[in-house]
Amino acid sequence: MPLYYEAYGLRWLSQIPMPELQRATLTAETQQDVADVQIESFDLAGLWQKWDVGSDNFVARDGCLFFRIEDTGLFLMDHGKRIVVSQVSGADPKKVRLFILGTCMSVIMMQRGILPLHGSAVVIDGWAYAFVGHSGAGKSTLSAALASRGYPLLTDDVVALTWDAGGRAIVSPGYPQQKLWQPSLEGFGMKQQDYATVHAEITKYAIPVQHYFHERAVPLGGIYELVPEPDQESGSVHLQEVSGLERLHLLCSHTFRGGLVNRQGLAQWLFETASRLSASVEINRISRTGHHFTAFEMVDRILNHIRKGVHTEI
């Protein structure tokens, strides 16, 4: 039986159980509503052959994006309304869901005009603060450190940005799970045997965060790019403002699965959306040197920085 879920400001009706997601709260009225997006299970092998894409594993055509992951399945995103999944026999269900929750949902957001940034976000004093960066930069670790100080998690891995009626950037909640690498678990004094891995092939762990998850959309207060510098001498955290055209480049480079933007003919949309965001929010870069665990030092720097320029209006 299909189940309704909520994530990224959208309602998803899924034939595939998605235990990571929040179940949608339905009333007599909302039960009559059509879901924003449907997640379906269907054999796509014939369609993949018909599209005849050769050796390319990603192809966009007629408002759809179609991709193949070896030993996992075929995935089709259709006009921002459907995700169709064809699982390979014996595929790891966790890995299948990982692609649905990441690449598939991000493409759906792009197709619907929602900007997905590669990052995490927490709520501080009623505002959302997003931490973006490349894989391994420490986004989830920083969010977990802030959550341990009482600042609830809004989203992990993908930050979904839209605009409210007043023109402010808004971050919608993702789902109540964080993904942490083993060194981060150790830094927080957590035991890896207490958590399941995201899937069998990697040592990244799924951490349930229902008790500190923020379930409502929040206006965006600022963006911080995390830049680790492990080869530099250890022991320091640096924060600086990003200005000019570098802001635009930063936002485009940290769009989740940004390489799929041009394939779908969405380059102009991304440029316009990133330009609008760049002009409306403060963007800073925070770098850390060395390999030691600096999450709590970074938390102190960020909180001090935010409090120096406190927002006065929500």
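Trainee: Strands pair when DSSP finds at least two bridges between them. How many bridges join β6 to β7 here?

Mentor: Six bridges join β6 (residues 64-69) to β7 (residues 73-78), and the two run antiparallel. Strands here are DSSP E runs of at least two residues, helices H or I runs of at least four, numbered from the N terminus. This is a predicted model: local features need pLDDT of at least 70, side-chain atom pairs 80 or more, while totals for chains, interfaces and linings use all residues. Residues count from 1 along each chain, and side-chain values use heavy atoms, without hydrogens or water.

Trainee: Which residue stands opposite F66?

Mentor: That's L76, in β7.

Trainee: And what order do the strands of the sheet take?

Mentor: There are eight strands in this open sheet, ordered β3-β1-β2-β4-β8-β7-β6-β5, and the pairing is mixed.

Trainee: Which strands stand at the edges, then?

Mentor: β3 (22-23) and β5 (58-61) do. Each has a single partner strand, so one side of each has no neighbour in the sheet.

Trainee: What does α2 touch on the sheet?

Mentor: α2 packs on it, touching β2 (10-14), β4 (37-41), β6, β7 and β8 (82-87). Touching means heavy atoms within 4.5 Å.

Trainee: New topic: L153. Where does it lie, and is it buried or exposed?

Mentor: L153 belongs to strand β11, residues 153-155. With 0% relative accessibility, L153 counts as buried (under 20%; 1.4 Å probe, protein chains only).

Trainee: Which residues does L153 touch?

Mentor: Leaving out residues up to four places away in sequence, L153 touches A121, V122, S143, Q177, Q178, V209, Y212, F213 and H214.

Trainee: How far apart are L153 and H214?

Mentor: They sit 61 residues apart in sequence, yet 5.9 Å apart in space, C-alpha to C-alpha.

How values were computed
Buried means under 20% relative accessible area, exposed over 50%, partly exposed in between (1.4 Å probe, protein chains only). Axes are lines fitted to C-alpha atoms, for helices over the stretch in contact, and angles run from 0 to 180 degrees between N-to-C directions.
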